[in-house]
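Please look through the sequence and the structure shown here before reading on. The paragraphs that follow lead through them step by step.

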Amino acid sequence: MGKTISEKIFSQHCGEDVYAGDLVIARLDFVMGQDGTAPLAINSFNEMGGKTLFDPSKVAFVIDHSAPSPLEGVSALHKLMREFSHEKKLLLYDIGDGVCHQLVPEQGHVVPGDLVVGADSHTCTYGAINVFSTGVGSTDLAAAMISGKLWFKVPETIQFRCEGTLQPGVSSKDLILRIIGDISADGATYMAAEFTGEGITRMEIEERFTIANMAIEMGAKAGLMEYDEKVEAWLSGRTQKTPRPVAADPDARYHEIKTYDLRQLEPQVACPHTVDNISPLQEVENLPIQQAFLGTCTNGRLLDLEVAAKILSGKKISRDLRFIVAPASRDVYLEAMNRGIIQTLVEAGAAVVTPGCGPCVGTHNGVPSDGEVVLSTANRNFKGRMGNSKAFIYLASPATVAASVLTGKITDPRSILS
Amino acid sequence: MLLKGKAFVFGNDINTDYIISGKYKFKTLDMNELARHVMEDLDPNFYEKVKEGDMIVAGSNFGCGSSREQAPLAIKHAKISCVLASSFARIFYRNSINTGLPVIECDTSQIEAEDELEVDLQKGIVFNKTKSMEIPVTPLPDVMIKILRDGGLIQHFQKFGDFNFD
């Protein structure tokens, strides 16, 4: 019987032929924790009687969720992470290095065919480069750090066939928002998603990361794509590891197959307070916004900043709003400076903050006020997500955010581009 | 073990940000402090209202969103005895078992606020005393039963130093 990408990767990591529904204990190629989850994992590690890591070169901690520390309590937890990292000789990415889900693939820690867990729900991001990666909690992370293994139920798979290419001004963010709106916040719970077809292969890797990143917003365990020459080119120079690409068999069994025609897709917006509350942009067009945010593990990459800079070049943002930009990593930040992108954004009126997660997760760097409307490129718009439960968060693409900061209200990027 | 308590009813898609907001969870590892803010954005007085043993009852996709283990831990430290939902998000479900918070998948549509509930974890039975109604429960996977039996994943590792499900 044919296998899905998930079934193949799990088979390779547990040493037997397994299929959806099987329970396995599988070997891990890389594990990661961030400053919201690693401190608790350190506690669990110690309580479990952990002494050494299974392989320090395969364990990374990233200080990104409140970085640099805005509070004494946070500082103490960061210190705990730094001391543990030093003692156990694991990889530590400290403040300013970037968001974990940008760093792990960007720094070459994961390659196609790998099985990876991270104590962060958006760990599914690396599926874009053919890695089975999934989010776990702190105690699972601790068990993984000790043993280099974890137990899994091999998931069923929903396949999304993406035909045709996106129209100008429409992006991969619009596609994944539409998909989540269609299948709902728990439409893929316990399952893996595979994204395939011409629509995906035509996309740049950075656009693919956006889609895989948001697989968890429909409950999925992973958001997987196949290996191609673009993945190969993206990996070259980043990693010493050897890719082991995995493709689904033609006769693999799927829970469901859904087809999307990308040519028909229009810009989409997720409205408060759930990610699956999706509207075509035109239904919320002209809604005044008080804050905009460009960044995060969803849309803080070089291409995202570049798209925004193109729209904002030589222009000024509306005086009625604040525009916060957080590049996804130090490397993204540097390259955006080299290309004049940061200059363009700052001249237009953006406030650039340290690469990290702060505004998205409500720890610092842009907490909105009561009743304010925020338009963000992030992946979650839950009530209180940005640190104030009386604010209203809308999610959209970088192009939509850039077009909207010019007018001060939700604006279709196609109206600016044309 | 027989759990007894009053139902506090919530809707569908209760995410981990609602269970414990990001603005608190990054500050401390003191779970008793985090417990004071559990469900705060949905019900500001929730922590004051619940008594030891009370239960959270919800619809589908309970615990969706982030991977924060502080979510089940904050619930546990608020002295909530268990969570009943028609379905759970995957990471929250694992985290609950790993940290020893009983999570029960069952049809919650007939449970109303303040109903008196009894949950027999051994037999896998939920009994709504107020409505004299027994509710069937979806059984846990074997691996999870073994972890729960050890008291959580920490205790499982203390005992075996590794995964051991034989």
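**Strands, helices and contacts**

In chain A, strand 14 (residues 291-294) and strand 15 of chain A pair in the parallel sense over four bridges, where strands are DSSP runs of E with at least two residues, helices are DSSP runs of H or I with at least four residues, both numbered from the N terminus, and two strands count as paired if DSSP finds at least two bridges between them. This is a predicted model, in which local features need pLDDT of at least 70 and side-chain atom pairs count only at pLDDT 80 or more, while totals for chains, interfaces and linings use all residues. Residues are numbered from 1 along each chain as its sequence is written, and chains are lettered from A and ligands numbered from 1 in the order in which they are written.

Within the pairing of these two strands, A:Ala292 stands opposite A:Phe323 of strand 15 of chain A. Strand 15 of chain A also pairs in the parallel sense with strand 16 (residues 351-352) of chain A, over two bridges, and there A:Ile324 has A:Ala351 as its bridge partner. In a regular strand the side chains alternate between the two faces of the sheet.

Helix 11 (residues 302-312) of chain A has eight of its eleven residues buried, so it is largely enclosed by the rest of the structure; among the buried ones are A:Leu302, A:Asp304 and A:Leu305. After helix 11 of chain A comes A:Gly314, with a positive phi near 75 degrees. Helix 2 of chain A is likewise largely enclosed by the rest of the structure, because seven of its ten residues are buried, including A:Pro39, A:Ser44 and A:Phe45. Just after helix 2 of chain A, A:Gly49 takes a positive phi of about 90 degrees.

Chain A is divided into domain 1 (26-120 + 135-149), domain 2 (155-240 + 252-265) and domain 3 (268-412), with bounds that come from an automatic or database domain assignment. In chain A, 18 residues of domain 2 are in contact with 17 residues of domain 3, contact meaning that the C-beta atoms of two residues, placed from the backbone, lie within 7 Å. On the side of domain 2 of chain A that touches domain 3 of chain A, the largest share, six residues, comes from helix 6 of chain A.

Between the chains, 49 residues of chain A are in contact with 39 residues of chain B. Helix 5 of chain A gives the most to the side of chain A that touches chain B, with six residues.

In chain B, an open sheet of seven strands has the order 4-3-2-1-5-6-7, with mixed pairing. Its edge strands are strand 4 (103-105) and strand 7 (133-136) of chain B, each pairing on one side only. Strand 2 (residues 55-58) and strand 3 (residues 82-85) of chain B run parallel and are joined by four bridges, and B:Ala58 has B:Ala85 in strand 3 of chain B as its bridge partner.

Conventions: A residue is buried if 20 or more other C-beta atoms lie within 10 Å of its own, exposed if 12 or fewer, and partly exposed in between; C-beta atoms are placed from the backbone.
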